[in-house]
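Reader: Before we go through the terms one by one, please show me the structure.
Author: Here it is, and the questions can follow.

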Amino acid sequence: MTKRMVWHDMNAAWQPVHPSRDVHARCRLPLFILNNEKSHGSRHECRGTLWPHRFHQNQGISDLPCLFTPWCAFSRIQKKTCSACEMQKHDPKTSIETMTVTIPGIPRGCQWLLIAAFFALIFTSGCTQKKQPSPEVLRQLVTLSSVGWAFLEENKLAEAEAQFQKMIELAPENHAGYANLAYVYLRMGEYSKSEQQAREALRRDDSDALVYLILAEVYDLTQRDQDAAVAVEEALKREPENIKVLYKKVQFLQRRQNEDAARQRQQILQKLASLEPANLVVRLQLTEALLKSGQGDAALAELEAIRQQIPELPAQARPFFRKAIDLLHSGEVRQALTQFIITQNFLRVTPLYQAGLRSLEGPGATVVGEPIVTLSTDFAGEVAEGEDLLDKMRFTDASEQSRLVQAVPAAGAGRPLAVADFDGDGDVDLFFGSVGDEAGLLKNEFGRFENVAEAAGVAHSGRDVSALFADYDNDGKLDLFVAGEKQNRLYHSEGDSLERRFVPGAARLDGPAAHKVLFADFDHDGDLDLYLAGPGKNRFWRNNADGSFTERARFARIAGDDITSLDAAFGDFDDDGDLDLLVLNKDGSLNLYSNQRQGQFRDRAVEAGLQPVPGARALAVGDVNNDGFLDIFLSGDQHVLLFNSGEGRFRADEKAHQSLRPLDGLQVRTAAFFDFNNDGYLDLLAGGIASGMPLRLLHNRRDGSFEPANFLLPEIPRPVHQIALFDYNEDGDQDVLLALDDGTVRLLRNDGGNINHYFNLQLVGLGAGSGKNNHFGIGAKVEVRAGDLYQMRVVTAPATHLGLGHRLKADVVRILWPNGVPQNLFYPRSDQDLIEEQILKGSCAFLYAWNGESYEFVTDIMWRSALGMPLGIMAGEMAWASHKSTDEYLKIPGDRIVPQNGKIRLQITEELWESAYFDKLRLVAVDHPDTVEIFMDERFIPPHLPQNPMVVARDLRPPASVQDGLGRDVRGLLLEQDDQFVASFHPGPYQGITEPHELIITPEPGTEGHTLLLLSGWLFPADASINVAVAQSGSVHMMPPVLQVPDADGRWQTVEPDLSFPMGKNKTIVVDLTGKYLSQDRRVRIRTTMQIYWDRVAFAVPLPELPEHVRRTELAPTAADLHYRGFSRPFRKGGRYGPHWFDYNEVSTEQKWRDLEGWYTRYGEVGELLQESDDMYVLLNAGDEVTVDFDIAVLPELPAGWKRDYLIYTDGWIKDGDLNTAHGNTVGPLPFHGMSAYPYDGKETFPDNPRLREWHKKYNTRRVDNKAFRERLRRGDE
């Protein structure tokens, strides 16, 4: 029998929901997955609702059988018969509560994964004041807990029992030792002893929900169902948002087969989904519950969310998943349930599902593919604020215990290391390179390492120099790049189940042996590019998002000189929102490549104050003094710490320099910043060659200097070749991995660093239908405010660790995603998910009108001119959107505008990440008989072409039928403009791009004279960075709508290839069908891959624009006032398929975006600037509003039987702040009507004449910068 166990820190023990909530430190709760040799009895009845069966002793069943409802989880893929369960082979259509991994030693066809969600609790202050243990006692408690956990890792329960009994002897009034012991006895099957110890824990602290959960498990295993239910309710009273307690109640309710239990279960699952939105187990179980209760649309919403969060479904599941969605779009809920259950059963074998199960049933598992914020809940409350904890912790050599000594053989040189959770099971694994022997891949099996390199396909030979795990194709699985002396290897991760394998990637990434490998999204297009720093010219491989790379180092100006580069790092060194690159060369010189965007960089090392450091071989980057800027450590003939004073300028500090003296005598070869004691400040670890200790640890004094902390380290016998950092045992502090110069590897376990609080952050960028950020958010900037503590980190790996010191929680986390979009998370829970929020960041300005009671959003305007928008790569050069101004008319229905006090007042706002240049504005009243309708053709037409004239029509008729591409009848969704949209298409890899979808429209008989086709809908647009990504890729194509009709043979022929698309929200395209038909078949087909949601289709009879049909009156602004307003509350009008809409009556005045910097129009009266198209325009920043008045005294009386609509006319430009928009970070260079291109060519400038100089002097006096945005969290303004 194979014993398997995993344990880690309970990070979800308390749930802060508001800073005023009085919470106490909770306990550390490890999860155990085991298969134990000991059986508690000859047989045990499983109380699962679907598959009641018996567990037999002769099948090697654990002493904790069948804990959480149905557990007959055998290899469904092989469809073996489970003899132990006396069941026939399973049908994959059948829903089973859980799926399992294969455990060696279990008979084939009957593999048991028994998960006990029980928890060992460490050092909590509880709810009452207790005598604070002495530092020596605390140190002993730390040691006992670490040793006890180590024994639990090895399943040595008796030894663990002894450790926790000693804890009780040292701290008899603390409930933690009793709770730990209760868990050990639970593992042993000594249920009465477990209950006794749990009750002893509750006598000392009855506030801890998780002790009640231990009791619930004891009662559950001893068939005391009522007692178990009461214990769960007691746990919920104390922590109503604890996901493990909630999930336990879900499992209890699953056993009750009645409608009330099903309703309660669904409600709790919905609550869990709000708390854990990226947990696949929760999503799937909620979807199943919704389908079974007939709530098809709600289930469809869950499936759509799953589709965005899982980058790549298992191949076997995809057709069933797709079919389930298609059936739900057709309203066939019962048939969809069958397809969904098949999908669910395939997903159960994935690491993502298993990790999600661990986070629900076990304490605080880091779920790969989902972002979680987990706060440490340990005994920091026992320690006085500000007290030094160094004497209470140690680093222990755990190389033998973890089997690294056996797994990594000695060799003649130091090996490259790479650490990451490559298989997605929640444990961090290790790759070590070949140095003349064979490379190895060590899978972390619950604290012990097992070499799986051969099975995984990476057991190559040769001489490797460096290595790195990264998800280069955004499929959510970590790939592996290995740089060798003679060959670079890119391994692509494949496999949908728990067994991952690597295959050689298609891309050839040649180049000299790289000393440093960096994967980051340097061009901010949503995928990871590759930078190789080594001998000669460095290489920069741009990711083309189709599995291929293009070498662009010379074009990007980051190839460097013909000199060996030794080290490199990325980050936003000048704090301007994009990723820069720092390179250390062999001669001690530095290159600081500042990102100029559009794929180019500029070396500004000299102006940044970076002088050469002779003999330097290593660098480290991090925010040492917590001021929000990246600082630099360099080590050569001298050790240098350079503080970033802001905007990428660096200075040395004598105090800091002197504090680095403990590094003297060490020839540093590798260095890293990390917070080893979780106090919220980065410490420094350096390794190399020395006559004495080859590894040095410096503790951050929090004043910009360091102090030696080598006394915490064990002896290191040989020079250090490389340092790697990770939390190998998931206990909430950073452990150290060392590659020594003889090829061996040492693991230094951090014992006691988790005395302070911490949280781990894992990001997830959205996939299908978004694609704006890489999956793990590599390159994102993370800012955290926790009371008086501020921290900033750059995301360089899937998981980011941050210490909080004595603070129980973080108040706010702000993420600046690699695409520049900010996202805030306030008062994060201990297990809070942090998923990228898909928001509208750029489009155009907004128009609001008075409806008689309040101002209401009408439409978006100035859509045609996307200034500086990249469109694609033509002949090796970027092509840009037209530089011409908008010059557009849009219709406003008359009932949307209600005059007041003799005038019409409109509000024009700029609320997205962009700047607006308003040059001319008009309101046109259009009067016409009420039997006549007017339309503007509101399709996108490039600004250099004139907009189609206004259309007059009568007798609007609905179509006889409309079908989508799968033959579904969607006519009922298209009869009125009622915010009910056709959305039965599948998303593509990016926002704005879908799989091909179509409408087949048949007109009513007898409507041959109805030659106008009216198509109303809205477009969810791509953005500048997506356009760049699509232009680079050979696998993604955008097809604007085309109009097709059948020919005489019934084949569809394109008769209007440039039909184009709606200009934003709720616009109407007018198509003249005259002369378009090729046969008697009058059907038309609209086909596209753009993300267009159609709302109405109609046919109409055209009329000429005669006085008896239409009368126009143009109104010029009589007054216009520019002022700051803020940002309206956004929502989706018509549900999740509707456009982004905005509630004018709910406004936030806080700065939302990183503004385009520069000089804007001063606040006040600006009416004269809107009169003519004269390049003297109103410059609006995000948050600005122009209130414009029009005098209605000049409007004629309406004749009887007539009505009035309006047209809004604008002339100007919109430029968004996307990182790939030309000059997207500044309001300038200013556009003008006579320019030949934008961005300007090298010789063109804005006109200089007295009229425009006076305009600048009088109006453009308001300076906008991003200082407040950058410093907001640093000052604690959130």
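**Cores, contacts and strands**

Author: Of the 95 residues in the largest nonpolar core, the ones that touch the most other members are Phe-164, Leu-272, Leu-303, Leu-328 and Tyr-1093. Helix 5 (residues 209–221) gives the largest share of this core, 9 residues, and at least three residues come from each of domain 1 (257–361) and domain 3 (846–1264), the domain bounds being taken from an automatic or database domain assignment. Apart from it lies another core, of 90 residues, which includes Leu-532, Ala-605, Leu-642 and Val-794. This is a predicted model, in which local features need pLDDT of at least 70 and side-chain atom pairs count only at pLDDT 80 or more, whereas totals for chains, interfaces and linings use all residues. Residues are numbered from 1 along each chain as its sequence is written, and side-chain values use heavy atoms, with hydrogens and water left out.

Reader: What makes a set of residues a nonpolar core?
Author: The term stands for a set of buried Ala, Val, Leu, Ile, Met, Phe, Trp, Tyr and Cys residues joined through side-chain atoms within 4.5 Å.

Reader: Why is Ile-993 called buried?
Author: Buried means under 20% relative accessible area (exposed is over 50%, partly exposed in between, with a 1.4 Å probe and protein chains only); Ile-993 has a relative accessible area of 2%, and is therefore buried. Ile-993 lies in strand 51 (residues 993–1002), where strands (E, at least two residues) and helices (H or I, at least four) are DSSP runs numbered from the N terminus.

Reader: Which residues does Ile-993 touch?
Author: With contact taken as heavy atoms within 4.5 Å, and not counting residues up to four places away in sequence, Ile-993 touches Pro-987, Gly-988, Ile-1026, Val-1030, Val-1036, His-1037, Met-1038, Thr-1089 and Gln-1091. Thr-1089 is 96 residues apart from Ile-993 along the chain, yet their C-alpha atoms are separated by 5.7 Å.

Reader: Which strands do the buried residues of helix 20 pack against?
Author: They pack against strand 35 (781–786), strand 36 (789–794), strand 38 (812–816) and strand 39 (822–826). In helix 20 (residues 1267–1275), the buried residues are Phe-1269, Arg-1270, Arg-1272, Leu-1273 and Arg-1274.

Reader: How do you know that strand 9 and strand 10 pair?
Author: Two strands pair if DSSP finds at least two bridges between them, and 4 bridges join strand 9 (residues 440–445) to strand 10, which run antiparallel; the pair therefore meets the definition. Leu-442 stands opposite Asn-451 in strand 10.
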